[in-house]
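This report looks at how side chains meet in one protein. Please keep the sequence and the 3D view open while reading.

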Amino acid sequence: AGRGPPGGGGGPLSKTICHVGNLPFKLTNDALAFAFAQCGEVVRCHLAQDRDTGKLRGFGFVEFKEEAAARKAVDAQGISVAGRQVRVSFAPERRDGKRGRDGEGMTARKRFEAHPLMMRSADCWFCLSSPKVEKHLVVSIGEEVYLALAKGPLVPEHVLILPITHYGSASQLPDAVWEEVEKYQKSLEKCFREKLGKTCIVYERNTPSKAGQVHCHLQVVPIPLDLEDKVGEHVVECGAQCNIEFQHNQNWRDEEDLENYVVYTVPSTKATQLHKIPAGQRHPLNFAREVVANLLGMPERADWKNCALSVEEETKTAQDFKELFRAYDWSLE
């Protein structure tokens, strides 16, 4: 017989749904799913919340596609979620079909499926709960944001900052999420400066995609210190060559009607160049990366496909980055 949760009674237990206890009180469904992906494909997760306050209650449920994956999660020792070792057991199976009912009368499954952000996760390359996410590229997970190695990186330390919840662009991020983005930017800049003798440039290209569901990702690339004060001029010059006008705007996220855009920032100086793409106007697909590749004097690396690594090389590069960043990774505190 499988182990059930404390106080779960003597009824039958689910074969695919696990009860997870001792969870941190700041967590997302996607982060929970990512932590258990090592056991098998996760179908959905649900974090229990207090009915009155909405605060997390420190436990939740993880449903796996296969029974063997759920058994692996229960039998595993030392599964850690956001730095805390959790307790895993099989969830009770309710005979009335109302298992996992939350305080408002909606089942955990229905609440999960109804969430407009979570509905996007299954087909998104960057949602942590998606089966498509390349988990070996993930190098740090915070409370609202995570870091991942870029595909076809310009340089080995080229990483992405991504919100854990599905948002389309940085301009859409809630203030709490943006604060964590900036926290990672500061940590990365300090790491690059102290470990590599470099600073960094951060850029985002937010334009319509044929895929339809864009997940916000900011690209962070270390650059030599002697380029720190030259980024703005370089961006403006590159834009002028393509009839793309940039404006210095440190408060670019406060712009009204900011939909499609390209933005470059140097965190150490706060220098920011923004181009608002007019409605209906097409934007060169690879422009944003070409600007940085030319800044670094490596135009041949402007196309990420020319820089593609094998899975083995990506895994090694990700491990090397974790070691480089370990002392600066506040998520490990």
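## Terms and model

A residue is called buried when its relative accessible area is under 20%, exposed when it is over 50%, and partly exposed in between. By this scale Glu255, with a relative accessible area of 30%, is partly exposed. The model described here is predicted.

Side chains of opposite charge can pair when their charged atoms come close. Across the whole structure, a search finds ten salt bridges. One of them joins Lys151 and Glu134, whose closest N and O atoms are 3.3 Å apart. Lys151 sits in the loop between β8 (145-149) and β9 (159-163), while Glu134 sits in the loop between α3 (108-114) and β7 (138-141), so the pair ties together parts that are 17 residues apart in sequence. Lys151 is partly exposed, at 32% relative accessible area, and Glu134 is partly exposed as well, at 26%. These two residues also belong to a network of salt bridges that links Glu134, Lys151 and Glu314.

A further salt bridge is formed by Lys276 and Glu255, with 3.1 Å between the closest N and O atoms. Here Lys276 is part of strand β14 (residues 271-276) and Glu255 is part of the loop between β12 (247-248) and β13 (261-266), so this pair ties together parts that are 21 residues apart in sequence. Lys276 has a relative accessibility of 37% and counts as partly exposed.

How far apart along helix α7 are Lys316 and Asp320? The two residues are four residues apart in this helix (residues 311-325), and about one helical turn separates them. Asp320 is partly exposed, with 39% relative accessible area.

Arg205 is found in strand β10 (residues 198-206). Its relative accessibility is 26%, and it counts as partly exposed. Cys216 is eleven residues from Arg205 along the chain, and the C-alpha atoms of the two are separated by 9.1 Å.

Which residues is Arg205 in contact with, leaving aside its neighbours within four places in sequence? They are Tyr261, Val262, His283, Pro284, Leu285 and Ala288. For Leu285, the backbone oxygen lies 3.2 Å from a polar atom of the Arg205 side chain. The side chain of Arg205 also makes a polar contact, at 2.8 Å, with the side chain of Thr207.

## Aromatic rings

The whole structure contains nine aromatic pairs, according to the search. In one of these, Phe59 and Phe61 have ring centres 6.2 Å apart and planes at 85 degrees; planes over 60 degrees apart count as edge-to-face, so this pair is edge-to-face. Phe59 is partly exposed, with a relative accessible area of 22%, whereas Phe61 is buried, with 18%.

Phe246 and Phe287 form a stacked aromatic pair, with 6.1 Å from centre to centre and 20 degrees between the planes. Phe246 lies in the loop between α5 (231-241) and β12, and Phe287 lies in helix α6 (residues 287-295), so the pair ties together parts that are 41 residues apart in sequence. Both Phe246 and Phe287 are buried.

## Thr272, a buried residue

Is Thr272 buried or exposed? Thr272 is buried, with a relative accessible area of 3%. This residue lies in strand β14. Not counting residues up to four places away in sequence, Thr272 touches Gln247, His248, Asn249, Gln250, Trp252, Val263, Tyr264 and Thr265.

With Thr265, the side chain of Thr272 makes a polar contact between side chains, at 3.3 Å. A polar atom of the Thr272 side chain also lies 3.2 Å from the backbone oxygen of Lys270.

Technical notes:
Residues are numbered from 1 along each chain as its sequence is written. This is a predicted model: local features need pLDDT of at least 70, side-chain atom pairs count only at pLDDT 80 or more; totals for chains, interfaces and linings use all residues. Side-chain values use heavy atoms; hydrogens and water are left out. A salt bridge is a side-chain nitrogen of Lys or Arg within 4 Å of a carboxyl oxygen of Asp or Glu. Buried means under 20% relative accessible area, exposed over 50%, partly exposed in between (1.4 Å probe, protein chains only). Contact means heavy atoms within 4.5 Å. A polar contact is a pair of N or O atoms within 3.5 Å; within protein, one must be able to donate a hydrogen and the other to accept it, and residues adjacent in sequence count only if both atoms are side-chain atoms. Rings of Phe, Tyr and Trp (its six-membered ring) pair if their centres lie within 6.5 Å; planes under 30 degrees apart count as stacked, over 60 as edge-to-face and the rest as tilted.
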